[in-house]
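Look at the model first, then read on.

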Amino acid sequence: MFQQPHKSLIAKWSNQILLLCYLIFFSPKLAQACPDIDGLVDMNCDGQVVIAAFGDSITYGIQDSRGLGYPGRLAERFPNTLVYNLGVPSENTYSGRTRAAQDIAAIPAPDYFLVLEGVNDYWYSGHSTSATRTNLLKIKAYGSLGGGLGILSRLTDVNRTFQRTWVYDVNEAIKQDSKINYYSLGKGILSSDNIHPDAEGYDEMADLAEAVMIEQGLLHRPSDIDGDGVYDFKEDLIGTNKYAVDSDGDTLTDSEELFTYHSNPLSLDSDADGLSDVYEVRTLGSNPADSRPGSPILQTIEVIKQ
Ligand SMILES: [Ca+2]
Ligand SMILES: [Ca+2]
Ligand SMILES: [Ca+2]
Ligand SMILES: [Ca+2]
């Protein structure tokens, strides 16, 4: 009877010690990185994570009693992430190739571009697995145009005898190119129409997509040589020094300036009001990126000056 509270007390303290170690060694850096959102990497470091799910009726979500499809389920799981369902029922990859270019131009650059298409190519006159593969690789490539990850999926299984061989052959053809293996979920995910998943099946698809996105994001996280949380390509883009955590030497790190204070990491006085960024941040608590005397602390200083 006495051991249980004692044990939980130790557990409580060790948790607090662990939390303290975490805060001391990791938290400041993590909090200021080209920040992950909902556990997903902001691959292009534009301040938002965008998932675009491209495909046919299986992406759209036909036969889903919840009307969400697997992309809608991802939106539920990643509430701070923008999710686009780019599913068009009945589409084949020949049409998909053209549409992908248009769709990508119409949405914010995706960090994760999920592609699942090809089962309808069976009905395309003169279809071949190599042409389908070529189309899919073209579609997937649009996903990386804005700095994101294109992720190709193997087709879900079907319960139509005449189409099963086609699905199997396409999956064999794209085996090396695909990261999400929906085929592995088997026929158990299918609804009564023998081709679309049911609600539970879409749940399983979302489980798989979620796991692969997290894994691929970590595998492909962009390089950050100086470890200041701003990816190298971003530093090259804005002109900061990717080998130094504080490019302008004012003791505010590049990531603090970019993501916390929104000041200029290459200027000692971003808003040119005569008060240095570090003085505004550390002493005045005012906004170093806004010269308007709107903050209470700035007004106080002005009164003192008069
Ligand atoms: Ca992004
Ligand atoms: Ca960096
Ligand atoms: Ca600085
Ligand atoms: Ca200033």
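Helix axes here are lines fitted to C-alpha atoms over the stretch in contact, and angles run from 0 to 180 degrees between N-to-C directions. The model is a predicted one.

| Helix pair | Angle | Axes apart |
|---|---|---|
| α4 (residues 69-77) and α8 (residues 199-219) | about 60° | 8 Å |
| α5 (residues 93-106) and α6 (residues 129-142) | about 5° | 9 Å |

Take α4 and α8, which pack at about 60°. That angle makes α4 oblique to α8. The crossing of α4 past α8 is right-handed. From α4 come Gly-69, Tyr-70, Arg-73, Leu-74 and Arg-77; they meet Tyr-202, Asp-203, Met-205, Ala-206, Ala-209 and Glu-210 of α8. Six of the residues in this contact are nonpolar, one is polar and four are charged.

Now take α5 and α6, at about 5°. Angles under 35 degrees count as roughly parallel, so α5 and α6 are roughly parallel to each other. On the α5 side, the contact includes Thr-93, Tyr-94, Gly-96 and Arg-97. On the α6 side, Thr-132, Asn-135 and Leu-136 are among the residues that take part. The contact of α5 with α6 has seven nonpolar, four polar and two charged residues.

Is Thr-129 buried or partly exposed? Thr-129 is partly exposed, because 17 other C-beta atoms lie within 10 Å. Beyond its neighbours within four places in sequence, Thr-129 is in contact with Asp-169, Val-170 and Ala-173. Glu-172 is 43 residues from Thr-129 along the chain, yet their C-alpha atoms are separated by 8.9 Å.

Technical notes:
Residues numbered from 1 in each chain as written. Chains lettered and ligands numbered in written order. Predicted model: local features only at pLDDT ≥ 70, side-chain atom pairs only at ≥ 80, totals over all residues. Helix = DSSP H or I, 4+ residues; strand = E, 2+ residues; numbered from the N terminus. Parallel < 35°, antiparallel > 145°, perpendicular 65-115°, else oblique. Left-handed = near helix turned anticlockwise from the far one by under 90°. Contact = placed C-beta atoms within 7 Å. Nonpolar A, V, L, I, M, F, W, Y, C, P; charged D, E, K, R; others polar. Buried ≥ 20, exposed ≤ 12 C-beta atoms within 10 Å, placed from the backbone.
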